[in-house]
Amino acid sequence: VKFSPSTADVSILRKGAENVKLLRTHVRGRYAPVQFSSMFDQLEEYDTRLHEQTGRRLRQAQVFEIGYGARPWRLIALVSMGIDASGVDVEVPLLSGGWREVLEAFRRNGSQRALKSLVRHMLVDKRERSVLAQELQQRGCDLRIEASRFLVSDATSLDLPDDQFDLIFSEDVFEHIATPSLEALVPRMAKWLKPDGLALISPNVFTGILGGHLSEWSYPSVLDPTVKRKSAPWEHLRARRFPPNTFLNELGRSQYRELLAQEFAIVEEVVLLPDLGREYLTGDVARDLSGYPEEELFSNKVLFVLRPNKGKSLSLARSAFPELR
Ligand SMILES: C[S@@+](CC[C@H](N)C(=O)[O-])C[C@H]1O[C@@H](n2cnc3c(N)ncnc32)[C@H](O)[C@@H]1O
C-alpha cells in the first residue's frame with residue numbers, strides 16, 4: 001500500500017467552509033461545560049510513564065512539548081504546577097491577546113490563521129482559561145503563563161543544547177510535518193533528550209478513520225450515528241473528494257514506526273482509540289480498503305513510547321568499559 005502526501009492545496013471556498021464548521025463547533029462548545037479532567041489524566045499518565053522508565057517524576061524533570069498549539073493548555077498547566085516545562089510551535093500563540101501579540105500573529109501566522117485564532121481567543125479561550133485556573137486552584141496551584149517558555153520556531157530546524165530534557169512529548173503534531181522535515185526532527189529530538197530520557201509522541205495516524213482530518217469524521221463525531229455527512233468512511237484513503245484544510249504527510253503507523261526506530265527504541269505503541277470505526281468497515285468500504293492491514297485502519301491516535309538509542313549505546317559502552325561510569 002502506498003501513501004502519497006497531500007498538498008493541502010485546497011480552494012479558498014473549501015477552506016472557508018471547513019473554518020465555518022469549526023467556528024460553529026467552537027460557538028456550540030461555548031455553551032457546553034469545559035472539562036480538563038482528561039488533560040490532567042494525560043499529564044498523570046506522562047508522570048507514571050516517566051517514573052516507570054527513568055525513575056524520575058515530572059516535578060523533577062525538564063520537559064519539552066513539540067507543537068503546543070493555539071490553545072496550549074498542557075504547557076500552561078505543567079508550568080502552573082511548578083514543572084520546568086517549555087515548548088515550541090511554528091505559530092505565534094495568543095497568550096495575552098494584547099495588540100502587539102495579535103500583530104505578531106498576523107505577521108508570522110498569516111492573516112487567515114491569525115484571524116481564526118483571534119476569533120477563537122475572543123469566543124472561547126478566555127472562558128476555558130478561567131475553567132483551567134479553577135481546576136488548577138483545586139490542585140493547589142495558580143495559573144501561570146510565562147511567555148518565555150513558549151518558543152516560536154519550526155521545531156524541525158530548532159537548535160537546542162544536547163542532553164537537556166528528561167521528557168519530550170507531542171500530541172497531534174507529527175502528521176502535520178512533511179516527511180523530510182520529520183527525518184530532520186527525529187534525530188534532533190534524540191539529541192535534545194538526556195541519554196536516559198523519554199519521548200512520548202502521539203500522532204494522528206493517516207490510515208485511521210480520523211486520519212483525513214475532516215470535521216465530519218472527527219472524534220467523537222465518528223461515534224454519533226445521527227451526524228449527516230457528505231463524505232464516506234475513510235474518504236481520504238478512497239475517493240478523496242474532500243481534501244483537509246491542513247497539510248498532512250499521510251504517514252501510516254508502520255511508517256512512523258520505521259522513522260522513529262532510526263533513533264529510538266520503541267518501548268511500546270499504545271493505540272488510544274482501538275477499533276474506532278469498525279462498524280463502518282463493511283461492503284464497499286471493506287472492499288476498497290482490503291489492501292490495508294487492520295493495524296493501520298484501526299490505529300488513529302497511537303502513543304509511541306520511546307527511549308533514545310544513544311542511551312542504549314551508552315549503557316552498552318558502560319558495560320564494556322566500566323571506567324566510563
Ligand atoms: C493540531 S495542532 C495540535 C496542538 C496541540 N499539540 C494540541 O494537542 O492541541 C498542531 C500544532 O503543530 C504545530 N506545528 C506544525 N508543524 C510544526 C513544526 N514544524 N514546528 C513546530 N510546530 C509545528 C502547529 O502550528 C499546530 O499548533
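Not counting residues up to four places away in sequence, E91 touches Y68, N109, R113 and V152, where contact means heavy atoms within 4.5 Å. The model is a predicted one, in which local features need pLDDT of at least 70 and side-chain atom pairs count only at pLDDT 80 or more, while totals for chains, interfaces and linings use all residues. Residues are numbered from 1 along each chain as its sequence is written, and side-chain values use heavy atoms, with hydrogens and water left out.

E91 is placed in the loop between β2 (84-89) and α4; helices (H or I, at least four residues) and strands (E, at least two) are DSSP runs, numbered from the N terminus. Because its relative accessibility is 19%, E91 counts as buried, a term that denotes under 20% relative accessible area, with exposed denoting over 50% and partly exposed the range in between (1.4 Å probe, protein chains only). The side chain of E91 makes a polar contact of 2.8 Å with the side chain of R113; such a contact is a pair of N or O atoms within 3.5 Å, of which, within protein, one must be able to donate a hydrogen and the other to accept it, and residues adjacent in sequence count only if both atoms are side-chain atoms.

In helix α4, E101, V102, A105 and N109 are buried. Seen down the axis of α4, these buried residues fall within an arc of 100 degrees, so they line one face of the helix; the arc is that of the directions from the helix axis to the C-beta atoms. The buried residues of α4 pack against α5, whereas W99, R100, L103 and R107, on the other side of α4, are exposed. R107, which is found in α4 (residues 99-109), counts as exposed because its relative accessibility is 60%. Between R107 and V92, 15 residues apart in sequence, the C-alpha to C-alpha distance is 9.3 Å. Just after α4, G110 takes a positive phi of about 90 degrees.

The largest nonpolar core has 32 residues, and those with the most contacts inside it are V63 and L167; a nonpolar core is a set of buried Ala, Val, Leu, Ile, Met, Phe, Trp, Tyr and Cys residues joined through side-chain atoms within 4.5 Å. At least two residues of this core are supplied by each of α2 (37-54), α3 (73-80), α5 (111-138), β4 (165-171), β5 (193-202) and β7 (302-308), and α3 gives the most, with six residues. Leaving aside neighbours within four places in sequence, L167 is in contact with Y46, L50, L58, Q62, V63, F64, L193, L198 and L200. Apart from this core lies another, of 29 residues, among them F165, V173, M189 and L259.

In α6, the buried residues are L182, L185, V186, M189, A190 and W192. They cover an arc of only 155 degrees around the axis, which puts them on the same side of α6.

The ligand is surrounded by 17 residues, the closest being G67, D89, D154, A155 and E171, where a residue is near a molecule or strand if one of its heavy atoms lies within 4 Å of it. A polar side-chain atom of D154 lies 2.8 Å from a nitrogen atom of the ligand, and a backbone N or O atom of E171 lies 2.8 Å from a nitrogen atom of the ligand.
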